[in-house]
Amino acid sequence: MHHPDTLPTTFTNEESEALSARSTEYSLGLNGSGPVNRFHHAKGRNLVWTQAGLRDFFRYADPGIRDATGNRLDIHLVRANEAPEHGTGWHRHKLGFHAIYMVSGWARFMYEGKQTFVETGDFVNMPPGITHYLFDYSKDMCFLEIAMAGTVDGMIPEEDVEPYCETPAPTLWTDS
Ligand SMILES: [Fe+2]
């Protein structure tokens with residue numbers, strides 16, 4: 001038995017449509033405004049970790065924001081699943097906006113020629129098109145990724161690019 005307060009808030013289809021119409025009118029013309037935005041409350045405990053993402057050595061949890069915004073905005077969690085071997089490789093993304101927030105652990109990135117240590121609590125805004133490489137991360141790494149859709153299906157597009165510079169070796173995971 002769940003206490004009512006622990007259940008996600010939902011609206012009926014009718015209420016949802018009214019909210020959506022009001023939202024469209026209220027936010028008319030702003031980026032991301034439009035009739036597809038609907039109310040959505042995802043409970044953290046119900047998040048499901050899957051392989052539905054760019055990397056097979058990470059796991060992804062999709063709270064449904066992409067669906068609730070008609071593929072305009074993709075907000076999801078990414079966590080480490082296997083020790084870093086070759087990392088993401090050098091790449092860039094064609095998007096309107098791209099940022100991450102480190103929920104736990106740490107990750108080491110190359111942002112073009114700059115080695116960057118991103119630890120718990122850090123935010124990073126990545127100008128779309130910046131050449132980068134996530135080459136190292138801790139076992140407990142988990143970050144929130146926020147991306148404005150670059151494709152109609154709302155997924156994050158990726159383009160491999162030539163190595164920008166040498167990349168340091170990843171750290172070995174130990175059980176201690
Ligand atoms: Fe990336």
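Which residues have the most contacts inside the largest nonpolar core? They are Ala107, Phe109, Tyr133, Leu134, Tyr137, Met141 and Phe143, and the core that holds them has 16 residues. A nonpolar core here is a set of buried Ala, Val, Leu, Ile, Met, Phe, Trp, Tyr and Cys residues joined through C-beta atoms within 7 Å. A residue is called buried if 20 or more other C-beta atoms lie within 10 Å of its own, exposed if 12 or fewer do, and partly exposed in between, with C-beta atoms placed from the backbone.

The model is predicted, so local features need pLDDT of at least 70 and side-chain atom pairs count only at pLDDT 80 or more, while totals for chains, interfaces and linings use all residues. Residues are numbered from 1 along each chain as its sequence is written.

**The core and its strands**

Strand E3 (73–80), strand E6 (106–111), strand E9 (132–137) and strand E10 (142–148) each supply at least two residues of this core, and E9 gives the most, with four residues. Helices (H or I, at least four residues) and strands (E, at least two) are DSSP runs, numbered from the N terminus. In general, nonpolar side chains tend to be buried together in soluble globular proteins. Met141, leaving aside its neighbours within four places in sequence, is in contact with Arg79, Ala80, Ser104, Gly105, Trp106 and Ala107, where contact means that the two C-beta atoms, placed from the backbone, lie within 7 Å.

**The whole protein**

The protein has two helices and 11 strands, and buried residues make up 15% of its 176 residues. Of the contacts with a separation of 6 or more, 67% are between residues 24 or more positions apart. The C-alpha trace spans about 55 × 45 × 25 Å along its principal axes.

The domain assignment, whose bounds come from an automatic or database source, gives domain 1 (1–41) and domain 2 (47–176). Their centres, taken over C-alpha atoms, are separated by 28 Å, and the contact takes six residues from domain 1 and seven residues from domain 2.
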